[in-house]
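Please open the structure in the viewer and keep the selection tool at hand.

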Amino acid sequence: MPEEYLKIVQDPKTKIWKSVNYPYGDVTKLSMGEKFLQTMRTIDANKVIDHFYDANVIKTAKDVYEESILIALNLQRLGIKKGDCVIFYSMNNEWISVLTFGCILIGALPNYIEVHLDEESTSGLFDLLEPAAIFYEEKYLNKIQASLTQSKAQPLLVAINGPQQPNVKNDLLKQPEHPVDFDNFKSVEIKDTREEIALLALTSGSTGLPKIVQITHALMIHGITIWWDNDENYAPLNENSVVFSFSPLRWISQAAVMFQSMLFGIKRVSSCGVPTGKYGLKLLRSSGITHIFVAPSIFYDILLELDDGDRESLKCLRSIQLGGEPATKVILEMSKKHAVNAKNFHCYGMTEMSTVICNDLYVNGGKPLPGYEIQILDDQNQPLGVNQPGQIAVRPPYPLKGYKSLDNSVYYNEYGLFVNGDYGLVDEQGKLHVLARYKDLIKSNGEVIIPNTLEYITINLPEVYVARMAGYRKTPNDPNEAAAFFVVLNSNVTGSHKEISAKILETLKPHLNERQLAMIEHIHFVDSVPLTTCGKVDRVALKKLAACKA
């Protein structure tokens with residue numbers, strides 16, 4: 001990377017900040033299928049590409065290459081064609097990567113669905129996705145069948161790990177009558193990688209039923225190419241890197257890591273479960289993983305398992321991306337102490353962009369990565385300048401195809417940027433600071449509280465394990481909100497709730513004026529806070545809980 005790789009400029013008229021260097025135009029001209037075939041034909045056929053940790057199944061480049069092509073041919077035999085949606089109703093397993101690329105090679109659109117939704121919500125997604133086929137793990141079959149009774153969809157059901165017919169081993173890996181010419185196999189023609197859809201991803205669902213994001217070939221390849229970029233050009237992926245992904249793949253981060261492995265020829269270690277606690281530590285200790293993207297809370301659970309002087313267990317790590325929520329000082333300090341060869345990056349991204357938007361060592365945000373444009377808007381959607389907080393709007397270097405079956409015009413401003421629902425500012429260095437979700441701001445009589453900022457301050461108290469804040473209205477017609485804190489304490493706390501409440505308020509005093517401090521009417525001590533299926537705080541449920549406890 002050149003010295004000014006993340007050089008940022010601002011248009012004085014539109015007040016749009018832009019990353020001016022974009023070195024990745026050539027790679028995004030290829031479709032995902034073309035890039036997969038190109039990579040697998042040029043790397044060492046015996047290189048390990050896929051290691052499914054839980055079953056200790058290892059696949060080489062030759063394995064994933066030939067299995068993907070066989071699956072592509074057999075999907076066509078079963079009637080699956082370009083443009084068809086294929087749902088993956090499963091967690092991570094040894095077949096996910098080759099099933100995915102079997103779809104991509106023929107132009108079918110993979111979707112990794114949320115397996116924890118109720119039957120009614122699942123049925124609704126089936127109707128929106130209109131799947132031609134569902135790949136499923138046997139434990140989910142009854143739920144799938146129940147959801148299909150409420151849906152108009154009539155997909156082909158293909159068992160991943162069960163004996164039902166058709167299934168992966170007997171039908172999708174079936175050798176055709178005539179020998180396969182693997183060397184000359186061609187993926188489906190994609191005329192314009194900027195316009196044609198490669199996959200259908202789900203949003204986090206933090207505001208209700210997940211939306212279906214249509215991601216093009218160019219945007220997805222862009223996303224995985226810049227994923228680990230940072231202002232220091234620290235630890236870029238190379239042929240010796242080992243990446244890691246876990247379940248669920250419906251988190252765009254985990255799918256993106258799988259795509260990095262398959263399209264760039266990088267070894268991937270994967271797991272069925274979330275790598276928490278002893279399980280996560282054993283996995284990291286034994287697998288030689290160099291690059292990991294994980295939520296701070298998950299990584300914290302791993303760090304807690306380490307002895308104080310342990311510098312060996314995490315020595316292979318080089319780049320640690322912490323995303324989904326800001327990492328606390330405690331996590332960062334513990335990581336620095338134990339992962340001695342790694343750096344921790346605050347990572348900010350979104351499913352709609354297919355990727356991260358910023359990586360930074362110090363702030364929740366950072367300089368926009370190559371190709372991105374960012375604008376900050378006031379409540380009237382007018383652009384703001386340096387250090388002025390407002391709504392965040394983003395534009396990637398390739399067109400967004402938007403949400404499936406929705407009017408997407410409402411999500412864009414007059415400059416064509418996607419208004420993503422987050423709240424933040426851009427400083428004089430061109431760094432984005434992500435402060436909160438715009439709808440989570442707590443407003444009362446002209447005063448505004450930013451929950452994330454106060455949560456971050458509070459969670460750094462030694463007594464506090466988790467701190468989350470929500471606003472609520474005392475009456476339905478009241479335009480003003482009060483604030484409630486929900487606090488989970490560490491296990492070794494000896495102080496009373498009254499004493500800790502007083503300490504929290506005293507800690508927040510330097511950061512709030514008197515009217516803002518008075519808006520915090522309740523501090524509730526709880527065993528846990530509600531989470532979405534993506535592991536993020538369920539702010540909608542938290543607001544309801546705050547109102548109920550008022």
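Begin with the largest cavity, whose lining draws at least three residues from each of domain 1 (8-22 + 372-437) and domain 2 (32-273); the domain bounds come from an automatic or database domain assignment. Here a cavity is a set of points, on a 1 Å grid over the protein atoms alone, where a 1.4 Å probe fits but cannot get out, and lining residues have an atom within 4 Å of a point. This is a predicted model, in which local features need pLDDT of at least 70 and side-chain atom pairs count only at pLDDT 80 or more, while totals for chains, interfaces and linings use all residues. Residues are numbered from 1 along each chain as its sequence is written, and side-chain values use heavy atoms, with hydrogens and water left out.

**The largest cavity**

Select Val213, Gln214, Ile215, Leu219, Glu352, Leu400, Lys401, Gly402, Tyr403, Asn408, Tyr412 and Phe418, which line the largest cavity. Its volume is about 80 Å³, a volume being the space filled by probe spheres set on the grid points, which are joined across faces, edges and corners. Which strand gives the most to this lining? Colour strand β10 (residues 212-216), which contributes three residues; strands are DSSP runs (E, at least two residues), numbered from the N terminus, and helices are runs of H or I with at least four. By class, the lining has seven nonpolar, three polar and two charged residues. Ala, Val, Leu, Ile, Met, Phe, Trp, Tyr, Cys and Pro count as nonpolar, Asp, Glu, Lys and Arg as charged, and the others, Gly among them, as polar.

**The second largest cavity**

Next, select Phe88, Ser90, Met91, Asn92, Ile96, Tyr112, Ile113, Pro248, Leu249 and Arg250, the lining of the second largest cavity. This cavity has a volume of about 60 Å³, and its lining divides into seven nonpolar residues, two polar and one charged. In total, five cavities of 30 Å³ or more are counted.

**The whole chain**

Now colour the chain by domain: domain 1 (8-22 + 372-437), domain 2 (32-273) and domain 3 (441-549). The centres of domain 2 and domain 3, taken over C-alpha atoms, are separated by 40 Å. In cartoon view, look for 15 helices and 26 strands.

Terms used. On a 1 Å grid over the protein atoms alone, a cavity is a set of points where a 1.4 Å probe fits but cannot get out, and a pocket is an open set with protein on both sides within 12 Å along at least five of seven lines; lining residues have an atom within 4 Å of a point.
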